[in-house]
Amino acid sequence: MHGFRPTFRRLAVLSVLALCLGTGIVAQERQPVQQQDPEFARLVHEWTTRPEFISPLVDHLPEVPGIPSPKDVLGYDIGMPKKLTSYEHIVGYYRALAAKSPRVKVIDIGKTDEGREQVVVFVADAGTIKNLDQYRQYLAELADPRHLTAAEAHAVILKAKPLYHIMGGLHSAETGPPEMLMELAYRLATEDSPLIRQIRDNVIVSITPVAEPDGRDRYVDWYYRHLIDQTSDEDRLPGPPYWGKYVLHDNNRDINYSQVTMRNLLKWYLQWHPPIMHDLHESEPFMYTFSGQAPQNPSLDPILYGELPWFSNFEMAQMAKYGMPGVWDHNFVDMWSPGYLAFMSSNHNGMIRMYETFGNGGANTMLRHIARPGFGEGATKREWYRPWPPYKEVVWSMRDNTNYMETGILTALQLTSTFPKIILENFYKKTMDSIEDGMTKAPYAYVIPAGQRDMTRVSRVVSLLLLQGIEIGRATGPIAVKDATFPAGSFVVKLNQPYGRLAKTLLERQHYPDPSLNTYDDSAWTMGLESHTDVKAVDDKAILDAAVTPVTDARIPGSVAGAVNGAAAIAVAHDGSNNMITLRYALKDLKVEAADKDFKAEGIDFPAGSFIVATSQGANVASRVQEAVEQLGLTGAALAAAPSVPTHELNLPRLAVFSTWNSTQNVGWVRYALDQFKVPYDLIFKEQVRAGHLRDKYDVILIPDQGRTAKGLVFGIAPVGKPIDYEQTPQFKSLGMYGSSPDITGGMGLPGAEELHRFVDEGGLLITMGVASAMPPDFGITRDINAGHTSPRFYAPGPSVDAEILHPESPIFYGYTHKVLPVRWADGPLLRVPYTDEDTQVLMRFPGGEKSVLSGLMRGANELHNNPAIVETPVGKGQVLLYVTNPIYRWQNFGEYNMIFNALMNFDDLKVPSKPAAPTAAGH
């Protein structure tokens, strides 16, 4: 590496010289001999609401015979008022462009949940497009340069080109980027100005036209159905209930890449290794460009923290030079959480980039109030990072949005194309730094020991790490290091690898750097804590020499001990695997019993909650159970006779999951988990609840975290004087999916709350999660329980904290072996239980205090002292389970999922425990 530095000093000098030589680029934006489209210029100036909202980079568009512009294919120019393009027509345009231009290529990368194709579009000079696979190989060599000498790496950099990847349409309500990107691709492919030629010659631009295709079409339908006539932000209507099949904004928080569209993009990324990944969003006036502010993840390379403001400040300066106000680069999104989609770049030694451009949630030209007395005034004040603030009030159009965003992107590409070798050098150097850190700084590895009671948790953690390209080895024999030994078969994540820093980020506990700072999303995501998997950091460098074999498949098969043929029963140990509920539904036609007490058979410990399946129920029962156990990674034993322990039958509930129409996202994560673990359910809304007769249809109603408040959950979307339907029609085919309604406003209301009360009175089980657990106390279903709130100074963005199980005999805790375990704080209510009933109803509580915070940030942790985390209470003939926690949060806290799954499998055997001898004062 030392021999590499002089070479790159020379490259830096040459790059500075190149920038100096390029200062005249903007003065000659257009090639005088190239034919321009006069109608485009006229319309764009007509659609741009103020003269300062456009730049010389985007006020024109070439006309090139034989190469279709967006208007040639779509019938309109980009930014036309009241025009949004469906996903099919967006992809159709790119394919038409690629068919006629040798500078454009389109590749398929997968399918969405609803079967739409996902594509990536490449734009560069014709020679580069022709040899695209060779340039991909160059980037792959820089992404993992362990086989290269310094001289060889230098030679690769001289031949390579940076790949600048741009994504639009991740958030479906942010409608401008998918439109703008079509014009950008055409401009890059056809324009002959010095700037565009420099970009084409020195950079490969790749584009994700729409990162959430299903949501794009749903939102376009919704826009044409409900939003097209809006003229002001004072008469705005809500957006559609769904974007994708399961989630909305959280597709940009999917840290474990659960959603298929996100996985397809990750797979593409790991094949192409773009050094820069730029995600285009809409919200802030007029344009915010991400600079990587604090709190920052200290595991990421310092080079990155220099690159981010380098780009954002250049963009802010250039756009000010063009006369465009309202561009700023600080005091919004920080660099703490690694879970944002474009963070796949920074997580893999590249550079995340992001814009938030002002948008109207459609294609209407609208009056927007940015600042009013007491609201939003800070956004229009001058600050060091906002030298030319946006206006307090503005008429804003789709074309304004396009002008800002496209000017910003072209400016970023100008900088990249001026310093292409520096971008590549930094990409290489960040990878080398990651490898070197793994060899010189503790911890040197993380070990996931073999022999854990529930190896399905281990399998899940390992598979999620492999998914992100992290290298894992399996110990060929016992490992002995300072202060620890690990058995053969343990999984070893050595950090002296290209993505060692990512492994550390995901596996370490998050020590929040400055408690006075807020963060944009979660403050903690420690995989071991969230999955309840034992993960050990190893500070002994000798671990790097441990003998391992590479792991490519994380599946760990289950086993059934003993002679299956002739067995009277098969027992399956409930060691906490989430797959137990999958097994129960796989055997839904069989009687399955759960042991009320521990027992032992074939040398295996079977804790309470373990399954017992009599083989006398059919000819192939034993082999069928064995096959399922092996496929699901569980542990079982063939029994010559049923164990002499009390049991209860595991009946399967008729399950409904309730969702409001305005807060479907957290419900979507629960739906996703239930679907993944093959748990059937009905999704119900206010219409079904208000109709009543719930007990005739369901045994359990699950209300996931939603609504922000109990009032929001019950009353939903405020009426607007007319129905807002969400129904499928021949014209709007993407609406009415995952539920439908003639009017999504109004909520279940008090009549719906009364029907839920009646459902419980008649013997049903009502389960609430997170914020939803304030609803039964606040609306009189659990009359003796009150819901309070933390103080204004309390702040806890998703930390992992201790929770104490008070009644381990409850079936809810089958498979949990520790009295104190980690849970994610979910901003649920502070429940107050009457003292006389408290010890029979509080199943789990928060110890509270600073010592109980295991990972992440919690200001005011003492406010949780001995407050209930789970409360069980009888109501009439039924019961209510209130989870202050959110046991199914995104696709993350797998260790808590079983607290819900156990409740479902034991729904008719959840008995309020008998009162302990020594009552506590939880919740007072």
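For what follows I count two residues as in contact when they have heavy atoms within 4.5 Å. I also keep in mind that this is a predicted model.

**Entry 1: the core**

I began with the largest nonpolar core, which has 255 residues. I asked which of its members touch the most other members. The list came back as Phe122, Ile701, Ile767, Met844, Leu881 and Met899.

I picked Phe122 and looked up its neighbours, leaving out residues up to four places away in sequence. Phe122 touches Ile107, Ile129, Leu132, Leu163 and Ile204, among others. Val104 and Val205 are on its list too, and so are Trp268 and Trp272. I was pleased to find Arg103, Lys105 and Ser206 there as well.

**Entry 2: a helix pair**

Next I turned to helix H8 (residues 176–190) and helix H14 (residues 398–418). Their axes come within 9 Å and cross at roughly 50 degrees. H8 and H14 are therefore oblique to each other. I noted the crossing as right-handed.

Which residues make the contact? On H8 I found Gly176, Pro177, Glu179, Met180, Glu183, Leu184, Arg187 and Leu188. On H14 they are Met398, Arg399, Asn401, Thr402, Met405, Glu406, Ile409, Leu410 and Leu413.

**Entry 3: cis peptides**

I then looked up cis peptide bonds. One joins Ala294 and Pro295, with omega about 0 degrees. Pro295 sits in strand S7 (residues 293–296).

Another cis bond joins Pro285 and Phe286, and there omega is about -25 degrees. I placed Phe286 in the loop between strand S5 (276–282) and strand S6 (287–289).

**Entry 4: positive phi**

Tyr257 has a phi of about 55 degrees, and it lies in the loop between helix H10 (213–227) and helix H11 (260–272). His693 also has a positive phi of about 55 degrees; I found it in the loop between helix H22 (686–691) and helix H23 (694–697).

Is Tyr257 buried or exposed? Its relative accessibility is 4%, so Tyr257 counts as buried. His693 comes out at 58% relative accessibility and therefore counts as exposed.

Technical notes:
Residues are numbered from 1 along each chain as its sequence is written. This is a predicted model: local features need pLDDT of at least 70, side-chain atom pairs count only at pLDDT 80 or more; totals for chains, interfaces and linings use all residues. Side-chain values use heavy atoms; hydrogens and water are left out. Axes are lines fitted to C-alpha atoms, for helices over the stretch in contact, and angles run from 0 to 180 degrees between N-to-C directions. Helices (H or I, at least four residues) and strands (E, at least two) are DSSP runs, numbered from the N terminus. Angles under 35 degrees count as roughly parallel, over 145 as roughly antiparallel, 65 to 115 as roughly perpendicular and the rest as oblique. A crossing is left-handed if the near helix is turned anticlockwise from the far one by less than a right angle, and right-handed if clockwise. Buried means under 20% relative accessible area, exposed over 50%, partly exposed in between (1.4 Å probe, protein chains only). A nonpolar core is a set of buried Ala, Val, Leu, Ile, Met, Phe, Trp, Tyr and Cys residues joined through side-chain atoms within 4.5 Å.
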